[in-house]
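Please open the structure in your viewer and keep the selection panel at hand.

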Amino acid sequence: MKSNTLNRRNFLKRLGLGTALTAGALAGCQSNKKSPNGASQKTELDVPTDRMTYRTHPTCGDQVSLLGYGCMRWPMMPSADRNGDIIDQEAVNQLVDYALAHGVNYFDTAPPYGRGQSEAATGIALSRHPRSSYLLATKMSNQSFARDGMTGKKLYQASVQMYENSRKYLKTDYFDYYLLHNVGGGSGIPFVQQRFFDNGLIDFLLKEREAGRIRNLGFSYHGDIQVFDYLLSLHDQYHWDFVQIQMNYVDYRHASGSNFNAEYLYAELDKRGIPVIIMEPLLGGRLANLTDHLNESLQQRRPENSIASWAFRFAGSFPSVLTVLSGMTYKEHLQDNIRTYSPLDPCTEEEFELLEKTAKILVEYPSVPCTGCQYCMPCPYGIDIPSIFSHYNKCINEGYVAESAQDPNYREARRAFLIGYDRTVPKLRQADHCIGCGKCVHHCPQSIRIPRELRRINDYVETLKQQGV
Amino acid sequence: MSKPHSLLRRMRIVLASLFFVLITLLFLDFTGTLQAWFGWMAKIQFLPAVLALNVGVVIALILVTLLLGRVYCSIICPLGVLQDIFAYFGRKQKKNRYSYSPAKKWLRYGVLAVFVVVLVAGLASLAALIAPYSAYGRIAQNLFAPLYQWGNNALAYFAERCDSYAFYRTEVWIRSVSTFVVAFLTLVILGFMAWRNGRTYCNTICPVGTILGCLSRFSLLRPVINTDKCNGCGRCSKNCKAACIDSPNHSIDYSRCVTCLDCLDACKQGAIEYRLRTSTQTTAPQNSRRRFLAVSAAFTTSAVLKAQHDKVDGGLAVILDKEKPNRNTPIVPPGSQSLRHLSQHCTGCQLCVAACPNGVLRPSSRLENLLQPECSYERGYCRPECTRCSEVCPTGAIQHIDRAEKSAIQVGHAVWVKANCLPLTEGVHCGNCARRCPTGAIKMVLSDPNNPESARIPSINTERCIGCGACENLCPARPFSAIYVEGNDRHRLV
């Protein structure tokens with residue numbers, strides 16, 4: 001038999017067909033080696049499976065993928081009873097499988113994410129894999145209880161219940177990372193004390209850490225800088241294993257609202273040797289697409305890379321960063337981010353300067369610093385706040401927000417803005433229905449003065465409508 | 001095989017198609033672009049011109065009829081052309097299907113007399129049921145427009161997906177069930193009659209047809225049977241959709257002939273010609289008049305939107321649809337001057353309803369105003385920059401106004417309903433009515449003047465209010481607003 005095949009091969013070779021066949025068969029294997037040339041095939045082969053950059057946790061030694069999966073924005077679909085949306089579990093499973101297969105091993109969720117369904121969906125998807133193959137992070141999100149006036153023992157019990165529920169939904173005995181969620185909002189230090197210290201919840205969590213059911217304890221921070229300094233002053237007592245902050249090339253030196261510049265936050269953490277986890281590296285997607293002019297200046301330097309990749313490279317370039325979280329709804333975004341970090345090509349000094357210049361220009365635009373986190377939702381009066389802001393920001397980026405009726409592209413801009421507005425936001429959920437009750441304001445981690453911004457946008461809409469014809 | 005179509009008949013068909021398509025488009029186009037070009041086509045319709053006291057148009061139509069016969073009925077009138085379309089299919093199914101029938105004079109003049117009496121007696125909306133142009137308008141607006149809009153929405157769906165702003169979605173909704181039913185019945189009955197017998201409606205019921213018939217009797221040009229050539233085959237009579245050719249007697253009833261010139265082609269002997277004849281006479285139609293009947297209705301209390309309290313992020317609160325409050329006096333569009341003026345001049349053609357981009361205008365369901373437009377603010381409000389209804393109205397029922405005039409015309413006035421007001425019922429800060437009022441007629445005041453901490457409630461300065469309904473539409477209380485607009489009997493300038 002053996003000689004027979006050899007004969008056949010020789011025969012084929014002699015005919016000259018052999019070379020053609022082997023070339024075709026090997027094309028797949030070769031393209032892997034040749035991919036930096038960007039040659040023929042542009043498929044999944046372009047997304048490496050084994051080149052992810054990992055960071056090592058200084059104390060526990062975890063190998064954490066630089067790209068972390070934020071589970072806040074899982075794909076949704078209409079529920080069977082047409083009564084609202086549910087998470088598309090099939091799509092989540094596919095995304096999780098893909099991420100794990102390409103080296104992403106950090107998954108970050110929280111009880112309120114995805115209308116309260118994220119933990120369960122993430123748990124279902126991850127539990128199909130060995131527990132040791134991924135690192136799991138979730139949070140103590142008792143801010144809504146505390147805001148409703150719950151204190152003391154009652155708050156403690158509700159919080160512990162939330163902790164137990166997380167273990168149940170995520171189908172796990174332990175959390176690799178556990179965070180005090182969204183500290184810095186509300187009334188500042190008193191609010192943090194109400195949530196964690198006055199009722200003894202922190203002692204419970206410390207005990208859980210001792211017992212190994214929480215491997216790393218930290219907090220995620222937005223807003224009031226006094227809270228950040230206060231919690232860091234307790235570092236000697238509690239020994240934070242990590243801290244999660246909002247950092248991107250805009251917030252680094254030009255943080256909006258009551259947020260504090262990430263440059264300071266990072267330096268403080270770095271000084272104490274506390275590993276940093278980055279959230280909102282893309283500023284809620286806003287840094288994935290800038291104005292034409294800014295896009296061009298970035299693309300000129302790296303024509304083959306996405307605009308978003310700049311934001312990820314920026315965040316990943318800081319050595320104390322453990323992982324950079326991204327809430328990826330679409331596989332294409334996941335692929336793009338894996339490419340960016342497989343491996344990370346850190347920003348040069350010159351590139352840092354370019355991004356700082358870009359940020360300076362960006363903050364001059366009247367965009368609303370909304371990241372689309374949905375914490376403000378649902379608005380009791382039905383306003384679709386994030387969609388209104390995202391439409392407005394998109395129009396600013398695309399040059400569809402005219403300064404005056406004399407602008408050369410005024411008519412086009414007006415049509416695009418108004419038609420796009422009705423497309424993205426149903427009429428009943430538009431800004432003119434905001435009554436200014438202000439219930440959303442203290443939910444916003446970016447401390448956007450939502451009613452005021454909605455009013456500003458509505459004034460603009462009114463001007464467009466009335467100046468037209 | 002018949003000889004080639006006569007040039008005259010072909011011209012009639014081309015012109016009729018052109019008028020029909022463009023007038024129909026007036027009712028279908030919700031963007032308001034066609035109106036600027038072809039709005040005049042609605043204004044040269046006979047009854048609207050009479051009601052608008054548009055003397056020039058009326059005289060021109062009379063002269064055209066005296067000169068050419070009832071070409072109005074075969075070219076300009078969209079309802080006439082619509083019947084021709086049905087008749088065409090009727091003839092396809094069965095050739096030579098018509099026959100001569102004597103004029104039903106008592107019915108024609110009886111209907112005309114009743115029509116005039118009803119108009120004068122102040123029941124124009126009833127009279128409008130049989131008025132040709134407005135009957136067609138109702139059919140186009142209620143039955144054709146939804147199809148057109150669904151087609152548009154399909155295009156908008158694809159435009160959205162390729163990030164184009166060429167098309168935008170429009171809402172398809174039935175403005176009034178009664179008007180929809182009227183339009184549907186009109187189409188079915190007229191369509192059936194036209195399919196079987198051609199222009200029966202035009203020659204027995206249509207008041208405009210009867211008036212023009214009195215004139216066309218004396219028209220200068222007309223089809224005439226040349227008895228020398230006629231072989232008495234009767235083909236002309238069997239193909240006359242107006243049933244007006246008495247072929248054995250070689251006579252044509254010119255009061256019923258709509259000058260379609262089909263007989264010219266039907267006659268294989270070439271015995272029928274369209275040619276001159278003498279003798280003229282004119283009559284002038286009358287203006288109508290009617291009075292307004294007020295209907296009182298008890299005001300119903302309302303429920304209020306319940307705020308949702310969820311512990312999770314995201315999602316959208318359910319929004320209840322607004323319900324129409326019972327208004328003691330209906331609101332009619334700015335430019336219509338008064339309820340009386342509107343009801344005297346409006347033929348209920350629905351052109352304004354089709355043109356309204358804000359979902360405000362709909363035909364009234366009240367018996368005494370049936371089919372005539374009224375405003376309501378559940379879906380939108382009468383926006384300050386829009387004067388479209390006043391631009392399209394062919395009868396002068398809604399007088400032409402510009403934006404500056406509109407901003408000062410009070411069509412109604414806002415009324416506060418304490419029981420629904422959110423600052424009192426739910427203890428939230430609101431003031432949306434005051435914030436959105438385009439004239440600044442609403443101010444938020446303390447509900448308890450002695451307590452500076454008390455909730456702020458709206459107070460309305462009716463001298464500034466123009467009744468546009470922004471407050472009613474944007475009030476968060478649902479399904480009944482905490483502030484609504486009562487119509488004014490007579491509009492006034494503020």
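Predicted model: local features only at pLDDT ≥ 70, side-chain atom pairs only at ≥ 80, totals over all residues.

**A pair of helices in chain A**

Residues are numbered from 1 along each chain as its sequence is written, and chains are lettered from A and ligands numbered from 1 in the order in which they are written.

Select residues 410-424 of chain A for H18 and residues 450-467 of chain A for H19; the two pack at an angle of about 120 degrees, with their axes 10 Å apart. Axes are lines fitted to C-alpha atoms, for helices over the stretch in contact, and angles run from 0 to 180 degrees between N-to-C directions. Helices (H or I, at least four residues) and strands (E, at least two) are DSSP runs, numbered from the N terminus.

Next, display the side chains at this contact: Arg414(A), Phe417(A), Leu418(A) and Tyr421(A) from H18(A), with Val461(A), Leu464(A) and Lys465(A) from H19(A). Residues are in contact if their C-beta atoms, placed from the backbone, lie within 7 Å. By class, this contact has 5 nonpolar, no polar and 2 charged residues.

**The barrel**

Now select strands E3, E6, E7, E8, E9, E10, E11 and E12 of chain A, which form a closed barrel of 8 strands with parallel pairing. The twist averages 25 degrees from one strand to the next. For one pair, select residues 67-70 (E3) and 106-108 (E6) of chain A, which are joined in the parallel sense over 3 bridges; strands pair if DSSP finds at least two bridges between them. Within this pair, Gly68(A) has Tyr106(A) of E6(A) as its bridge partner.

**Domains**

Colour chain A by its domain assignment, with domain 1 at 54-362 and domain 2 at 385-467. Their centres, taken over C-alpha atoms, are 29 Å apart. The contact takes 14 residues from domain 1 of chain A and 8 residues from domain 2 of chain A.

In chain B, select 7-276 for domain 1 and 303-328 + 410-494 for domain 2. Here 47 Å separate the two centres, taken over C-alpha atoms. Such bounds come from an automatic or database domain assignment.

Notes: Contact = placed C-beta atoms within 7 Å. Nonpolar A, V, L, I, M, F, W, Y, C, P; charged D, E, K, R; others polar.
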